[in-house]
Amino acid sequence: MSEVLISIKGLKTNFYTYTGVVKALDGINLDIYKGETLGLVGETGCGKSVTALSLIRLIQNPGKIDEGSILFNGKDLIKLSEKEMRSIRGNKISMIFQEPMTSFNPVFTIGSQIAEVLILHQKLDQKAAWKKAVEMLAFTGIPAPERVANSHPHELSGGMLQRAMISMALACNPALLIADEPTTALDVTIQAQILELMKDLKQRIGTSILLITHDLGVVSDVCDRVGVMYAGTIVELADVNSIFFKPAHPYTTGLIGSIPKINLTSRQKLDTIPGSVPNLIQPPTGCRFHPRCSKCMDICKKEKPLLKNIGENHYVACHLYDSTPELR
Amino acid sequence: MAVETQDVITGQKKKGSIIKNWSEKNESRIKEIKHSIRLFTKSPLAMLGLVIIVMFLLVAIFAPYIAPYGAEERNWKELKQPPSEKHIFGTDDTGGDIFSRIIYGSRTSLYIGFSVVSVAIILGTLVGAISGYYGGKIDELMMRVTDIFLAFPSLVLAMVICASLGRSIENVMLAMTIVWWPAYARLVRGQALSIRERKYIEAARAIGASDFRIITKHLAPNSFSPIIVQATMDLGNVILVAAGLSFIGFGAKPGQAEWGRMISEGAAYMLNQPWMATFPGLAILIVCLGFNLFGDGLRDILDPRQRR
Amino acid sequence: MSEKLIEIKDLKVYFPIQGGIFSRTVENVKAVDGVSFYIKKGETLGLVGESGCGKTTVGRSILMLTPPTSGEVLFEGTDLICCNRADLRKLRQNMQIVFQDPNSSLNPRMLVKDIVAEPLIINGMKKGEELDRKVAQLLETVGLNPTHANRYPHEFSGGQRQRIGIARALALNPKFIVLDEPTSSLDVSVQSQILNKLEELQRDLGLTYLFISHNLIVVKYLSDRVAVMYLGKIVESAKTDDLFAEPMHPYTQALLSAIPVPDPSIKTKRIILEGDVPTPINPPKGCRFHTRCRHRMDICDKVEPEFKDIGGEHFVACHLIDKK
Amino acid sequence: TTPTPTPETSPMTIVSMVAGEPESLDPAYDYESAGGEIIQNVYETLVYYEGDDVTKPVGVLAKSWEMSEDGLTYTFYLKENVTFHDGTAFNASAVKYSFDRGVIMNLDPWQSCISPLLAGGLDYMNSNQTEADQKAYLDLDSVHVVNETTVQFKLAKPYGAFVPVLSFYAASIISPTYDQAHGGYKANEESEWMTSHMCGTGPYVLTSWDRKDKIVLDKFDNYHGTPAANDRVIIRYVDDWNTRFLAIKNGEADLIYAPTTYADDIKKEPNLVLETGRGTLSVTYIGFNQKEKVFQDQRVRQAFIESFDAESYLKDVCLGYGKRVNGPIPEGLPGFNPDIPYQKFDPEHAKALLQEAGFSKSNPTTIVLNYNEGNDNRKQACLMLKDQIEKYDLGITIDVQELDWPTYTAKNRAGELPIFYLGWLADYPSADNFIGPFCYSEGYYADKVSYKNETIDAIYQEALYETDPAKQAAMYTEITNGVNNDAAYIWSTQAVEFEVHTKQLKGYQWNPMDSHLRYFTMYK
Amino acid sequence: MKLRDYVIRRLLLLIPVLIGITFITFTLSHMIGDPAAAWVTDKTTEQRRAIIIQQHHLDEPLPIQYLYYINDLVHLDLGNSASEGGRSVAECLAQYFPATLELTVASMILCLAIGIPLGIISAIKKDKLPDHAVRLFSLMGVSVPIFWFGLILQYIFYLQLDLLPLGGRLPLTMSAPPHVTGLYLIDSLLAGQINTFWVALVHLLMPAFCLSFTYLAIISRMMRSSMLETMTQDFIRTARAKGLSEKAVIFKHALRNALTPTTTVAGLAFGGLLSGAVLTETIFMWPGIGRYSVRAISSTDFASIMGFTLLVVVIYVFTNLIVDILYAYLDPRVKFG
Ligand SMILES: Nc1ncnc2c1ncn2[C@@H]1O[C@H](COP(=O)(O)OP(=O)(O)OP(=O)(O)O)[C@@H](O)[C@H]1O
Ligand SMILES: Nc1ncnc2c1ncn2[C@@H]1O[C@H](COP(=O)(O)OP(=O)(O)OP(=O)(O)O)[C@@H](O)[C@H]1O
Ligand SMILES: [Mg+2]
Ligand SMILES: [Mg+2]
């Protein structure tokens with residue numbers, strides 16, 4: 001496999017709220033390789049977005065990254081000064097969000113908002129930045145980029161804005177693009193447009209992508225590898241085929257089993273995962289999945305399973321595999 | 001606040017239906033209240049407001065026990081005395097003890113505040129809820145009417161109404177009610193308009209609920225919190241405007257223990273007997289501050305965005 | 001399985017837009033513009049389409065929650081549009097709706113038991129022992145612990161809230177339920193719980209569903225027949241398997257190909273539709289889909305294609321069919 | 001350019017700061033003291049007084065006068081070489097013009113004091129004032145020009161105090177030429193021009209009037225008498241006491257109007273002189289409206305009288321600035337009798353009277369007591385009375401209410417006030433200006449409060465035409481005793497002179513008939 | 001809807017409001033026993049009164065009277081002011097209004113100049129000491145009786161510290177600059193009287209601050225909450241993700257968006273300031289319409305009270321209109337509705 005671009009080790013992020021400490025991330029370990037598209041899936045509230053925001057250190061009050069390291073280009077992002085971190089954001093690592101409609105500032109034109117990144121990171125002057133912005137818009141397949149650049153966000157449709165968002169994110173040739181549910185707010189046909197675009201871009205520029213979604217369809221469509229998250233932990237990490245055809249963790253198994261398959265001919269009962277996501281203020285002891293797990297053992301209630309390599313680039317955090325010898 | 005749910009799915013379905021025990025029955029309600037209280041205690045300003053309001057209420061209730069002199073007790077031999085041990089805030093130009101008069105004045109202020117605000121709320125809620133819920137022509141008409149009232153700055157409208165009704169506390173209260181209700185109508189209407197769109201209203205209609213039921217059971221309770229906030233702050237505002245009206249000559253009778261009047265009487269002596277106006281003014285300031293602090297805190301608590 | 005429980009004929013629902021100086025109605029949002037279909041007793045009709053195409057509006061107007069502009073809504077042969085209030089109220093007991101967003105469909109200030117009991121109370125049941133028992137029974141039916149009846153909705157998870165909504169819908173023993181995207185705000189694992197429950201209820205209680213969704217895969221799972229809507233009109237409807245096996249309308253084809261299939265072994269060639277859905281205020285003339293259609297012909301922007309039965313309960317509205 | 005602080009405090013400018021602004025500067029219309037002050041400084045009457053005496057009228061525009069035997073005709077011989085501010089000459093026709101004008105315009109001050117005295121005046125007042133009525137009156141020629149310097153007044157009935165009446169500022173002489181040039185006069189209508197413009201013969205000329213701000217009077221160079229000792233007088237209207245007080249402390253004012261409540265504060269200021277002690281021609285009183293059922297009972301009135309501690313009021317509230325009064329006639333007027341006893345304060349007796357009159361806790365009564373807004377002393381007096389009566393614990397509540405001045409006077413005029421605190425200031429220095437309003441059943445106040453005592457009415461009619469001062473005084477004493485016996489009014493106080501000026505200001509003079517101050521003797 | 005249509009629509013909507021306002025004032029005028037009160041004083045004779053009643057059609061049926069009333073208003077005949085020696089009310093208003101205008105505009109400027117930065121500080125330091133301090137301060141503003149506050153200011157700044165003048169627009173010894181606009185600050189500059197300008201400015205300070213205190217508080221609160229609201233918006237997160245500094249995020253991206261709702265409040269505040277002038281002008285002896293109205297009240301001069309009310313309401317209504325239009329114009333998202 002190719003080089004590691006970013007290496008996240010033991011990342012813990014907590015939110016200190018009135019009602020208690022939300023232990024949103026409980027020691028995330030994750031490598032992102034150069035040029036790959038890594039999918040991150042999991043139920044709502046499992047910490048996908050927090051992972052992404054922690055990565056570029058945009059966790060806002062009352063949240064705090066308490067432990068862990070994020071190695072990027074040999075530097076630990078956690079230890080960088082805010083100023084150094086700013087020079088990475090939007091430049092080396094950029095991010096796009098779920099709601100294209102609200103992610104642009106309503107009072108500025110699209111073009112000026114894209115140009116802003118270029119002026120900031122590439123030190124272009126106003127005019128050059130604008131020109132580059134228009135180029136970027138054209139790059140993502142926007143017809144009439146000039147007109148779009150001069151438009152205010154409310155004048156454009158969601159699909160268009162998401163393209164513009166992508167243009168902005170790619171403006172500085174980032175090494176990593178984080179996409180937090182980039183298509184969830186869009187219609188099926190528009191979603192298809194954006195997914196096609198992302199696949200296309202991946203080929204054209206070779207940026208690594210961290211794609212966050214809860215749509216397993218999207219994952220299977222565009223990702224190379226998939227990380228499955230549950231309640232602030234990564235429970236399984238493997239290439240996309242392994243996840244879909246050889247899921248190892250009981251949670252992943254349940255997740256894959258609970259989607260209706262397109263090629264079913266008659267109705268059959270879907271798998272379910274009983275219960276619901278735990279409260280992260282008082283997360284279950286040991287394996288956070290144990291209260292919902294059908295294969296729960298005594299050890300699961302006490303000890304937190306570690307992420308273990310159980311096969312060709314297939315990692316799982318589950319006590320069921322404690323006896324499995326590590327492959328690597 | 002998801003509930004641990006394994007029991008729901010994995011069985012142990014208790015036969016015997018809903019539990020009858022009071023504390024269990026109201027567990028959630030109690031939890032709600034406790035939660036609100038906890039949120040509230042985290043805000044020092046709101047707590048300060050609450051303390052002020054409680055003190056104010058106690059003072060009003062127990063006025064005769066706290067005040068060293070009567071509300072209208074005048075010692076004609078001790079006019080305009082500066083603060084002393086005998087009269088800690090001094091005396092006024094009729095020999096009344098300012099401290100005692102301020103204490104009794106809290107009753108007047110409370111009386112005005114609560115009457116005006118409660119009548120305005122009832123009237124405003126009625127109009128606003130009907131207007132917001134039905135929309136259309138009724139709404140259009142009612143909103144034009146409130147537009148007209150709201151086109152007046154409140155003090156000015158209260159002033160002309162008082163001027164044409166004549167001078168008395170009752171007229172001041174009437175005028176202020178007339179001035180205040182449209183704001184509530186607006187507020188409730190806005191709430192109604194937004195709540196009307198919520199799906200649970202639709203659900204209620206789908207199960208055949210009457211308009212009356214929807215308004216009383218669904219619309220009203222849910223538009224409650226901004227009204228409570230507004231009402232709390234308005235208690236302060238009403239007291240303030242009433243004092244303003246009193247200052248320009250409407251409202252309280254001569255000699256009556258009313259803060260606005262005490263200030264206006266004291267104003268003429270500001271040069272040499274500043275205590276006459278200073279203390280009643282401080283009383284108004286503190287009480288209004290109490291209501292505003294409390295309301296501000298309530299707003300934060302009741303704002304769902306601030307929750308959890 | 002042949003009797004038509006619901007039949008809709010040429011349903012139109014317009015929303016006036018007020019504008020101009022005197023706020024007169026200047027235009028209409030033609031949210032539903034001539035829709036006809038039927039649902040047979042005990043079956044599930046899936047209704048799919050992009051956001052804003054009018055799915056919800058159809059569902060709501062069947063229950064008379066939005067008064068239709070014109071057309072007929074027949075429930076067991078009775079036209080609901082002409083009904084008076086009292087009759088409508090009676091008939092309504094037979095029809096219920098479950099909403100997409102379980103957060104806003106439950107009154108946050110009411111306890112769960114009151115929410116579930118409300119339809120019963122409205123329809124004349126007195127408070128007391130019997131009501132409590134009925135509520136407990138309903139909660140159990142949808143798989144909730146009756147001891148939780150004294151809690152507020154926000155103390156439950158999304159899936160559980162959706163179950164509360166279903167319990168409320170079931171309270172009056174309806175024959176027909178409109179399911180307006182009941183799972184689209186839920187996680188997959190929870191979605192499957194709900195889908196299973198709906199399936200189970202239909203089997204046990206003999207319910208008829210109108211299942212609205214934009215997730216074709218879910219629709220496929222639950223529906224007997226599927227109708228595809230585009231901009232206020234149904235462009236195609238057929239038995240589920242027929243539709244998925246052989247979509248006739250170019251829009252259906254594109255829609256089917258656009259769904260990301262959660263199976264990495266299937267790599268379909270996507271048909272990417274250009275541009276966005278036009279607004280329903282001034283829908284395109286002729287065939288509404290012509291602006292985005294790959295097979296556009298001259299006739300398409302002039303003549304509106306007929307919604308035709310091409311056999312086996314398969315209806316399509318497309319000029320291509322005529323050509324064949 | 002330089003800043004332009006106009007030298008209003010330069011040596012020969014006197015700045016006086018007072019509270020209320022004039023309503024009008026027209027003597028035929030104005031009937032309040034702020035306007036009266038300006039009128040007295042700019043216009044002149046035929047007669048006035050010297051020093052602080054009010055018993056002996058001296059000629060101002062008149063040299064001398066005489067009364068006919070029957071007391072119906074007064075002949076005045078006028079000063080010569082007197083010019084109006086517009087340069088025209090003062091003469092008998094000017095006097096006639098001014099008097100005809102006053103009667104025809106038929107406004108307040110004339111209606112109440114002058115018109116009824118003149119032959120035909122009362123008839124005219126009672127008519128519709130049509131052109132014919134006006135002509136009828138003018139044809140009577142009740143003010144008759146004998147020659148350039150002689151004028152005759154014909155009275156309707158003999159009236160002993162006619163000469164004092166002529167010292168009332170309403171009887172000022174205005175320039176006919178000037179008035180005619182600016183629209184002349186009409187019946188029942190104030191003259192818009194003359195309300196804010198003046199043209200008289202006095203020591204000052206009206207220079208400007210900035211509404212709600214100031215009036216500037218300048219020395220009249222062609223004045224016929226001793227010219228003013230200063231060049232300019234600025235009268236500023238500042239409602240706020242604090243400002244006035246600060247202004248005089250800072251030297252921005254030479255004189256200010258001060259309510260007595262501030263006496264202590266004033267006395268603390270070393271640079272200020274408080275001129276006080278001499279009695280004004282005024283009486284403050286509390287009137288009972290006998291139309292009200294409660295006050296028809298004389299015991300109740302008596303009880304109220306005995307409940308008002310005038311002595312303490314004077315001492316504690318008025319800080320001694322005032323005098324007690326024993327009846328309607330203030331000290332200093334001919335006819336005042338110091339031997340009449342003061343009303344006495346006797347709470348026990350009062351309580352007994354009220355009990356006797358049927359008041360008890362079980363049958364609560366509320367009585368509304370009114371005074372006019374902004375008058376602190378009156379407020380205090382009312383509250384004092386209230387406190388005393390409520391102390392008896394007989395279920396009587398005194399509801400003290402304040403009313404703004406116009407409403408107060410209007411209600412009073414309509415006889416709608418049950419019990420009220422008011423004052424009466426002399427229009428002209430004569431006891432009948434007090435006895436009449438209070439005691440005669442058709443008098444101004446007696447009428448309002450429905451007080452009527454036929455014996456008194458009879459004595460009054462007689463006293464009016466009595467030309468022997470001693471006899472007249474005896475009659476007035478009889479009337480006063482009668483009224484006091486009837487318990488018709490609570491006599492509260494007689495106000496005293498109360499003026500504040502700086503030490504630098506010299507030449508201060510005061511006469512009880514001055515409507516505030518006359519400035520021409522002052523200098524710095 | 002186009003902006004032009006929106007403006008026209010708003011202007012048309014103004015008509016019922018104006019009719020309603022006049023209806024209310026008409027009703028109130030007729031509630032005080034004497035409908036002729038506006039034109040008579042307590043010295044007006046009966047005969048004269050009869051003429052006035054005829055002249056102003058006060059003997060007609062009420063609906064007709066209302067039309068005459070409107071007619072009088074249109075011709076700026078607001079009656080005569082009894083408390084001003086019978087001058088016409090319109091004349092009095094014209095005389096006193098510039099002083100009020102000067103005062104309210106100065107207060108408005110103070111409000112914005114102090115309130116907006118305070119709101120920003122408060123939002124940025126949410127739940128920290130500066131936020132608590134600003135909130136307490138601004139709540140003080142809405143809680144303080146303005147007339148009392150004026151007295152206290154006078155006591156401190158004039159009596160104790162002797163820094164600022166007690167009241168009035170200029171010292172008693174100084175004459176007004178030549179009348180052009182009636183605003184002393186402008187007139188003095190026009191006439192080149194720099195000293196007068198400074199003196200007038202110093203006189204303006206205390207009353208303007210006193211008057212602005214209430215609305216300063218409201219504006220800073222509004223600014224705080226709209227700032228907080230804006231800071232939670234997605235586009236702020238985007239701006240941060242771009243690598244912008246916190247300063248740029250706040251001052252470039254958040255401020256523009258948060259200012260727009262504040263302008264509306266500022267518009268409302270203007271009306272509030274006008275009515276607040278009633279109390280402030282009385283305390284500071286400011287010769288404006290507020291003090292005029294209080295004098296009118298103390299002599300039941302109903303015509304003047306009504307005139308004052310109408311003037312204030314009309315200004316209030318029109319400033320709100322202008323602010324709404326401005327708002328619609330400033331915010332590209334606003335749909336005219
Ligand atoms: N500002 C915050 N304050 C408190 N808790 C927070 C905050 N932001 C996130 N959390 C908590 O952190 C956990 C992870 O949240 P996160 O947004 O990463 O979930 P997610 O996987 O992105 O979910 P979704 O699919 O809904 O976007 C959640 O339990 C959430 O409650
Ligand atoms: N009350 C209303 N007033 C005006 N327009 C409306 C109203 N309700 C719906 N519409 C419009 O009608 C069209 C159809 O709306 P509808 O909610 O039926 O779509 P939908 O297919 O359910 O969309 P979604 O998938 O987003 O739920 C939309 O363009 C919508 O904007
Ligand atoms: Mg997320
Ligand atoms: Mg919908």
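## A buried threonine in chain A

A:Thr37 counts as buried, because its relative accessibility is 2%; buried means under 20% relative accessible area, exposed over 50%, and partly exposed in between, with a 1.4 Å probe and protein chains only. The residue lies in strand β3 of chain A, residues 37-41. Helices (H or I, at least four residues) and strands (E, at least two) are DSSP runs, numbered from the N terminus.

The side chains of A:Thr37 and A:Lys202 are joined by a polar contact of 3.2 Å. A polar contact is a pair of N or O atoms within 3.5 Å; within protein, one must be able to donate a hydrogen and the other to accept it, and residues adjacent in sequence count only if both atoms are side-chain atoms. Leaving aside neighbours within four places in sequence, A:Thr37 has contacts (heavy atoms within 4.5 Å) with residues including A:Ile209, A:Leu211, A:Val222 and A:Asp224.

## Basis of the model

This is a predicted model, in which local features need pLDDT of at least 70 and side-chain atom pairs count only at pLDDT 80 or more, while totals for chains, interfaces and linings use all residues. Residues are numbered from 1 along each chain as its sequence is written, chains are lettered from A and ligands numbered from 1 in the order in which they are written, and side-chain values use heavy atoms, with hydrogens and water left out.

## Chains

Eight pairs of chains touch, and the most contacts among them are between chains B and E. Chains A and D do not touch, and their nearest C-alpha atoms are 49 Å apart. Chains C and D do not touch either, with 47 Å between their nearest C-alpha atoms.

## The surroundings of ligand 2

Ligand 2 is surrounded by 13 residues, and the closest are C:Gly52, C:Gly54, C:Lys55, C:Thr56 and C:Thr57. A residue is near a molecule if one of its heavy atoms lies within 4 Å of it. The shell divides into five nonpolar, five polar and three charged residues. Here Ala, Val, Leu, Ile, Met, Phe, Trp, Tyr, Cys and Pro count as nonpolar, Asp, Glu, Lys and Arg as charged, and the others, Gly among them, as polar.

A backbone N or O atom of C:Gly54 lies 3.0 Å from an oxygen atom of ligand 2. For an N or O atom in the side chain of C:Lys55, the distance to an oxygen atom of the ligand is 2.8 Å, and for one in the side chain of C:Thr57 it is 2.3 Å. Taken alone, ligand 2 exposes 620 Å², of which the protein buries 62%; these areas come from the Shrake-Rupley method with a 1.4 Å probe. α1(C) gives the most, with three residues.

## Nonpolar cores

A nonpolar core is a set of buried Ala, Val, Leu, Ile, Met, Phe, Trp, Tyr and Cys residues joined through side-chain atoms within 4.5 Å. The largest has 201 residues, and B:Met176, B:Leu245, B:Ile248 and D:Ile266 have the most contacts inside it. Helix α10 of chain E (residues 246-284) gives the most to this core, with 15 residues. Another core lies apart from it and has 114 residues, among them D:Ile38 and D:Ile479.

## A buried aspartate in chain D

D:Asp218 is found in strand β9 of chain D, residues 214-219. With a relative accessible area of 18%, D:Asp218 is buried. Its side chain makes polar contacts of 2.7 Å with that of D:Thr207 and of 2.8 Å with that of D:Arg232.
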